[in-house]
Every structure is written in structure tokens, then in C-alpha cells.
Amino acid sequence: MTSGKYELSADALRSICDPKKFSFRSTAEIQPLEGVIGQKRAVQAIEFGLEMNSAGYNICVTGAEGTGKKTIVSQIAGEHAKRRKPSVDWCLVNNFRDEYRPVAVAVPTGRASYFSRKMAKIIEGLQKTIPEAFAGEVFLKKKADIQKKHARRQSRLLSRIEAMAAEKNIHVSQSDTGLGTVVLKEGEPMSREQFEALSAEERKRIEKNLRLINHELEDAARKISRIGQSLHEEIEKLVDAETRTLLRQQFTPLREEFRELAPVLAYLDAVEQDIVENVQDFVLENGGPAEGGKAGASGIDSTLKRYEVNVLVDRSGQRGAPVIYESNPTYTNLFGQIEKRAVMGSMAADFTMVQAGSLLKADGGYLILEIDPVLTNNFVWDALKRTLQNDCLAIEDMASELGYISAFLRPEPIPVDVKVILIGSPWPFQLLQEADSKMSKIFKVRADFDDEVDRSDQTEQQYAGFIARVCRQEGLLPFTNRGVAAIVEFGQKAVADTRKLSLRFGPIMALLEEADHWARKRNGRAVTDRDVFRAFKEHHFRYNLVEEKVQQAFADGTLLMDVDGEEVGQVNALSVYQVGGFSFGRPTRVTAEVFMGRKGMINIEREAQLSGSTHDKGVLILSGCLGRIFARRFPLALSISLTFEQSYDEIDGDSASSTELYAIVSSLAEAPIRQGIAVTGSVNQKGKIQAIGGVNKKIEGYFDVCSARGLTGRQGVIIPRANENNLMLRRDVVEAVRDGKFHIYRVETVEQGLEILTGETVGMPDAEGRYDPATLYGRAQQKLEGYARRSMRMRTAEGEGENDLPTAC
């Protein structure tokens with residue numbers, strides 16, 4: 001039977017984009033693309049999430065790298081932000097009841113810095129007006145009048161006692177230690193000798209008078225103390241009244257400006273009360289101005305620093321709601337931090353050293369984060385969950401949370417209303433959903449970005465619009481219609497599907513920039529298909545050193561590979577090797593040896609621990625397939641040794657399972673296999689050939705090996721029919737097929753592949769499962785039946801019983 005019916009024509013190996021479908025000569029003539037190519041599902045999900053105001057409708061954006069997730073999310077969020085009102089500004093002020101817990105105050109948009117400056121001016125003005133007022137004539141006169149009034153009360157009290165004492169020849173003296181009494185005789189103080197010389201009756205009288213006067217003096221001392229206290233209170237009231245008058249003059253205009261903001265008015269009340277209670281901080285004892293309390297002073301110990309206003313967020317000039325992209329979401333960058341300074345050998349901090357993070361800056365708007373750094377930075381994910389669940393932001397010192405040092409400050413939580421958009425590949429989100437029960441409650445919306453879109457006239461024209469937009473934004477040369485057609489073909493090759501176009505615009509933009517470079521290097525005015533092909537070729541050359549080394553190893557015979565002739569039990573398999581971000585195809589020789597035994601399938605790679613689980617599964621499937629084909633009448637009594645020759649790295653994947661089956665059948669039937677034909681494709685237990693990945697790279701890798709050895713016209717590749725639409729081969733491969741020097745076959749079953757490889761009739765079973773001995777399967781079945789009979793006789797001789805083999809044999 002001929003294998004021509006399975007062969008693909010050259011036209012089926014690559015989809016060509018006709019430049020004539022583009023009506024322009026260059027992209028300079030067309031309008032840049034507005035909007036998004038494809039991604040309807042993702043865009044609708046993002047729009048829905050942004051429109052939902054209920055709790056928990058934050059958004060997870062997933063998709064392959066380079067699909068434009070960040071750009072598209074930023075554009076959509078930006079459009080939504082324009083339609084929303086600007087968010088408020090945030091200030092942090094001193095909590096006069098508890099300085100350990102500063103308080104955040106919201107002010108209208110763009111007014112935070114203004115409020116801070118006004119407060120600084122007021123405090124600076126009070127440093128001058130308060131000392132001046134207390135040193136002024138009016139204040140001093142009021143103070144003097146109070147002092148005189150209390151002095152007169154004290155004088156009257158003492159005069160009465162002095163008069164009473166004088167009548168009894170007792171003098172009342174005043175000193176620093178208080179009031180005292182002295183007995184007089186003829187106007188002079190009586191000495192102790194004179195007192196002792198008096199009669200007993202006279203001494204008793206004098207002692208009685210002294211007790212009376214001392215009692216009066218004690219009573220007077222208590223009254224004088226109350227008079228002094230009253231004097232102090234009245235002076236304090238005077239100072240308070242004078243201070244409040246000055247404060248009203250200074251703060252009334254500011255109160256009027258913020259009269260509708262109760263938190264601001266409450267803060268101003270607290271400031272005024274604190275100034276009244278601590279007015280001495282504005283005045284030195286000599287009545288001059290305080291030096292250390294100037295507003296804005298950098299010293300932490302400044303007495304007037306507590307009246308500063310720390311601007312956390314000021315949105316001056318901002319229109320609409322904020323859209324913040326935090327590229328480095330560390331704990332401090334996201335939630336804010338409390339700075340510290342060294343003071344006399346220790347660390348100190350105050351509320352003016354608190355800084356806002358991205359979450360507070362995005363309050364009232366949208367915060368865009370990459371999921372990978374969110375998960376890798378310590379404590380960020382848990383803190384982000386708490387913030388979104390409670391709608392409150394806590395600016396905390398991370399070191400104190402860990403217990404390394406005691407917390408200097410713990411600002412009061414700040415209410416926030418922010419929509420968080422997490423961007424990343426699907427895997428981290430799947431991991432979070434499985435490991436964290438709160439994930440689905442906090443992020444209720446998922447937007448999945450596709451990495452491909454259906455190829456149509458519309459999407460091809462959109463590709464052209466996208467290229468025009470990139471050219472204008474990045475200052476690239478315009479692309480001709482041929483250049484655009486080459487980019488469209490690259491978009492097909494990137495997804496390995498002639499029916500699709502790639503939406504991974506990262507690699508496409510890189511190709512556009514590199515093609516522009518080569519066009520400029522030849523002094524071109526526009527980028528043509530020649531520049532695009534050169535950019536692709538140069539990129540490949542920069543990365544394919546390992547591929548060249550492998551090809552050289554095939555060429556010099558270091559790696560054994562027959563690309564002509566026939567061999568039994570030996571087939572060339574195809575695989576894809578990944579080196580960093582670069583991948584390439586290379587062939588590998590697969591050999592199979594079958595012999596009588598009871599071990600079944602021996603996968604040498606598995607025995608040597610060089611195979612992955614998917615490859616092991618593919619090998620185990622072969623047992624089921626062989627049993628279906630040959631063991632309907634008798635059990636399989638054989639051992640099969642399978643290996644990838646000269647393979648010393650781990651092998652995974654099942655794309656070589658059909659290759660292994662071909663080698664096994666060849667060995668069983670002793671049927672030579674064409675060595676010029678390489679094979680790829682997985683097989684199921686029903687013998688159907690299934691699709692595999694990397695089909696273009698596999699074909700091109702084998703083609704390069706054959707080209708180095710010399711194309712004979714008898715070489716080619718067998719691929720699954722299901723991969724036919726994935727073909728987007730290099731132009732040199734297509735031309736070789738067109739010239740009959742290379743062949744591409746597509747098959748659906750194992751039997752079709754064997755027919756191509758051996759050129760023999762494979763055979764069909766009869767009702768009892770027997771194959772014609774003249775066919776490939778028939779010869780294999782005869783050998784297996786012989787193995788089964790000899791195995792039965794050997795077991796019988798060993799005493800294992802005679803009924804192990806069915807009577808049908």
C-alpha cells in the first residue's frame with residue numbers, strides 16, 4: 001500500500017497572509033487601534049468588577065505572560081476613574097489624649113498641604129503674638145490690678161492682727177519662712193532674762209497673749225494661702241482668656257474654611273485646648289518668645305512639633321479617582337511605614353514620621369498589584385486580606401509586629417475604600433483558592449486573559465491597527481503591508497495554529513522593535529517583510545547556541561541517528577528541548593527489544609529514574625494497546641525493553657508513545673522500519689493517535705538533521721492528524737516538501753503509521769481475533785502465540801499447572 005494518501009501538500013504546511021488584503025501601503029496611513037483585540041470575556045469581567053460597589057468584588061486577572069494584562073487593566077481602570085469623583089486627602093495629626101495613637105483626618109481633595117501650611121503659619125504666628133500679648137500694657141495692667149486687689153486683702157488681714165498684737169505688746173514679724181511674734185517691753189524686744197525675771201502671773205499673761213496672737217496668725221496664714229491660690233487662679237483665667245482671644249483671632253478663618261468637616265473642627269478644638277493648657281511653651285520666663293518650638297522644626301523634642309500636620313496623601317491636580325500601580329508591593333510600600341531617627345543612642349519616632357503606602361494613596365480608586373511579589377514579600381498577603389475585609393488600613397511598624405522592638409507608635413486605623421486588582425499567571429490564583437478559604441470571599445471576580453484569538457479578516461486588520469499604534473507610541477518606522485503580513489504570520493506561528501492569532505503582545509512588540517532596528521540599519525523608510533524575517537532570524541541566532549551544538553553532535557556522529565535505510569525495532573522519535581526561554585526540536589533514537597518472559601514492559605528510563613510521570617503513564621498505556629491488539633485469545637508472555645538511546649536527562653510527556661509502539665511491533669514482526677521517517681504522537685489504548693505539542697519545532701529540528709546529512713527524498717515526519725491545523729513551518733521546510741525532498745504525513749491510527757513506516761499491510765482481525773499470517777500484525781501475533789505456548793510448557797514443567805493458557809490456543 002502506498003503512503004501517499006497520508007501525505008500533506010506543501011500548501012497545508014504554512015498559512016500565508018496575503019499582503020493584498022491590507023489596503024494601505026504603510027501603517028502611517030491608518031488609524032491606530034483603539035480598544036483591545038479579543039479578550040471579550042476578560043474585559044467584561046473587569047468592567048463588571050469595577051462597576052460593583054459591594055464588598056468583596058476585588059478582581060483577579062489571570063493569563064499568560066505578555067498578553068497585555070497590565071496595560072488593558074490600567075486602561076479600563078483609568079476610564080472608570082475619570083468618571084468618579086476625586087478622593088479625599090489624608091493628614092495625620094497628634095492625638096492629644098494619647099500621643100501613642102495619632103489620628104488620621106480626611107480633608108477635601110488637594111487641601112491637605114494647604115491645611116498643613118495654614119496650621120504651621122498659625123503656630124508660627126502664635127509664637128510671636130502670645131509673648132507680645134503677655135508683655136503688653138493692657139495685659140500687664142489687668143495682671144497688676146489682680147495682684148493689687150489680692151495684696152490689699154492680705155494687707156488688711158495682717159493689719160488687724162498687728163493692731164491686736166500691739167495692744168498686747170507683741171510685734172508681728174514677716175520673713176521668708178513666714179510670720180512670727182516677738183514680745184515687747186517699752187517698745188523693744190524682751191530678752192529671755194527679762195522674761196524670766198517677771199512674776200509667774202505676768203509670764204502666764206504674756207504666754208496667753210502669745211497663744212492668742214499665734215492662733216490668729218495661723219488662721220491668717222490659711223487665709224493668705226487661699227488668697228494666693230485665688231490670685232493664681234485669677235491670673236490663670238486672665239491668661240486663658242487672653243490666649244483664647246488670640247486663638248479665636250488666629251483659628252476663626254481656618255474654622256470657617258473647614259466648617260463642614262467635623263473631624264477637622266474637633267482637631268482644632270483639641271489644638272486650642274492644648275495650647276491654652278501649655279501656653280508656657282510659647283513664652284519664656286522673661287516674657288520673650290520660645291525658641292525651641294518653631295513650627296516645622298526637625299528636632300523630635302521640639303515642644304511645638306505636636307501641632308504640625310503630617311500630610312499623608314495630597315491629590316492636588318488630580319482629576320477623577322486614583323489608579324495606582326505598585327510595582328514593588330513590599331509591606332512598607334503597600335501599607336506605609338513609621339520612620340525612626342537616632343536620638344542620644346536610641347531610636348525615636350513621632351506622628352510626623354509616618355508615611356503613607358500605596359493602599360492609602362489609592363483610597364477611593366483602584367490599586368493594581370502583581371500577585372507574585374504580593375505572595376513572596378513577607379506578611380503582605382495576610383495584611384492585605386485584613387485591610388480588604390475590614391475596610392480599614394493599619395499603618396504599623398513591621399519590626400514591632402515581629403517582636404524585635406517595642407512599637408513607637410500605633411496610629412488609629414484609617415477607613416479606606418479601594419478596589420484591588422491582582423494580576424498574574426493562573427497558577428498562583430489556583431493555589432490561593434485551594435489553600436486560603438478567604439480568597440474567594442475577598443476576590444469575587446476573575447478575569448481570564450486568553451493568549452490567542454480566532455484568525456479572521458477583522459482580527460488581521462486589528463493587528464495592523466495595533467502595529468500602527470505601537471509605531472506611533474514608540475517612535476518606530478511605519479510597517480508596509482508586507483511587513484504587517486509577516487507579523488500576522490508570526491502571530492500564527494507563536495500559537496502554532498493556522499486558525500488563531502497570538503495575543504501575547506510582549507513578544508510581538510519585541511519583534512516590531514527589532515525589525516525597526518534592522519530597517520533603520522539599512523536606511524529604510526519603512527519596515528518590510530524582509531526586516532521582520534531578519535529580526536526573527538537574528539533573534540533565533542542569538543539564542544540557539546545549544547541547538548547548534550546538538551546539530552553538530554548529530555553531524556559528527558557523536559549522537560547516533562540513521563536518516564536513511566531500514567532497521568528492526570528502531571524508530572526516530574521527536575522531542576522539544578527547553579533552554580531558558582528558548583526551545584528547539586531534536587530527534588532521539590528509540591529502540592525496543594522483545595523476548596520471552598513475564599516482566600512485561602520494561603521502561604529503562606523509569607528504571608533509571610530518568611522519566612516523568614506523564615511518560616510513565618504513556619508507557620503503561622502501551623500495555624493496554626498491545627493487549628487489545630494481540631491478547632484476545634491468549635495472554636502476553638513476553639518482556640519488552642524500551643529506551644531512548646543516548647538520553648541522559650529526564651524525559652517526560654507521552655508524545656513518543658506511538659513511536660515506542662511502532663518499535664515494539666517492528667521488533668515483534670521483525671519488520672524493518674524506514675529510518676528516514678521520524679515520528680511524534682501519543683497513543684491511547686484504542687490505538688488512536690492523539691495530538692501533541694511543539695509539532696513545528698519537532699519537524700524543523702528533524703529537518704535540520706536531515707539537511708545536514710543530505711536530503712534524499714525519502715525522509716519525513718509522521719504527525720497526528722489532529723495537529724494538522726497547528727502546522728506553521730519554516731519557509732525552507734515548506735519548499736523542501738514542495739520539491740519532493742521531504743515529506744509530512746498525518747495519521748489517525750497506529751495502523752496507518754505502521755503502513756507508512758514499513759510499507760506493509762498491517763492486517764485486520766477476524767471474528768476470533770486472528771490476523772492473516774502474511775500481514776504485519778499476523779507475524780507479530782504468531783511470535784506472541786509461540787512465546788505463550790513455550791511459556792506454558794515451561795510453567796507446566798515447573799509444576800505451575802496446565803490451565804494457564806486458554807484452550808483456544
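This is a dialogue about how to read some features of the predicted model shown above.

Colleague: Before we start, what should I know about the numbering and the model?

Modeller: Residues are numbered from 1 along each chain as its sequence is written, and side-chain values use heavy atoms, with hydrogens and water left out. The model is predicted, and local features need pLDDT of at least 70, side-chain atom pairs count only at pLDDT 80 or more, and totals for chains, interfaces and linings use all residues.

Colleague: Which elements do the buried residues of α15 pack against?

Modeller: Buried means under 20% relative accessible area, exposed means over 50%, and partly exposed lies in between, with a 1.4 Å probe and protein chains only. The buried residues of α15 include Tyr-463, Phe-466, Ile-467 and Val-470, and the buried residues of this helix pack, by contact (heavy atoms within 4.5 Å), against β18 (452-454), α16 (481-495), β19 (500-502) and α17 (505-521).

Colleague: In what order do the five strands of the open sheet come?

Modeller: Two strands pair if DSSP finds at least two bridges between them, and here the order is β8-β13-β16-β1-β17, with parallel pairing. Strands β8 (323-326) and β17 (445-448) stand at the edges with a single partner strand each, so one side of each is left without a neighbour in the sheet. The twist averages 20° from one strand to the next, where axes are lines fitted to C-alpha atoms, for helices over the stretch in contact, and angles run from 0 to 180 degrees between N-to-C directions. Strands β13 (residues 366-370) and β16 (residues 419-424) pair over five bridges, and Glu-370 stands opposite Ile-423 in β16. Helix α2 (residues 69-82) lies across β1 (59-62), β8, β13 and β16, and runs at about 170° to β13.

Colleague: Is Thr-62 buried or exposed?

Modeller: Thr-62, which has its place in strand β1, is buried, with a relative accessible area of 2%. Leaving aside neighbours within four places in sequence, the contacts of Thr-62 include Lys-69, Gly-424, Phe-429 and Asp-448.

Colleague: How many salt bridges does the structure hold?

Modeller: Side chains of opposite charge can pair when their charged atoms come close. A salt bridge is a side-chain nitrogen of Lys or Arg within 4 Å of a carboxyl oxygen of Asp or Glu, and the structure holds 42 salt bridges. In one of them, Lys-149 pairs with Glu-234, and the closest N and O atoms are 3.3 Å apart. Lys-149 lies in helix α4 (residues 137-167) and Glu-234 in helix α6 (residues 200-257), so the pair ties together parts that are 85 residues apart in sequence. Lys-149 counts as partly exposed because its relative accessibility is 36%.

Colleague: Which residue forms a salt bridge with Asp-454?

Modeller: The partner of Asp-454 is Lys-500, with the closest N and O atoms 2.4 Å apart. Asp-454 lies in strand β18 and Lys-500 in strand β19, so this pair ties together parts that are 46 residues apart in sequence.

Note on methods
Helix = DSSP H or I, 4+ residues; strand = E, 2+ residues; numbered from the N terminus.
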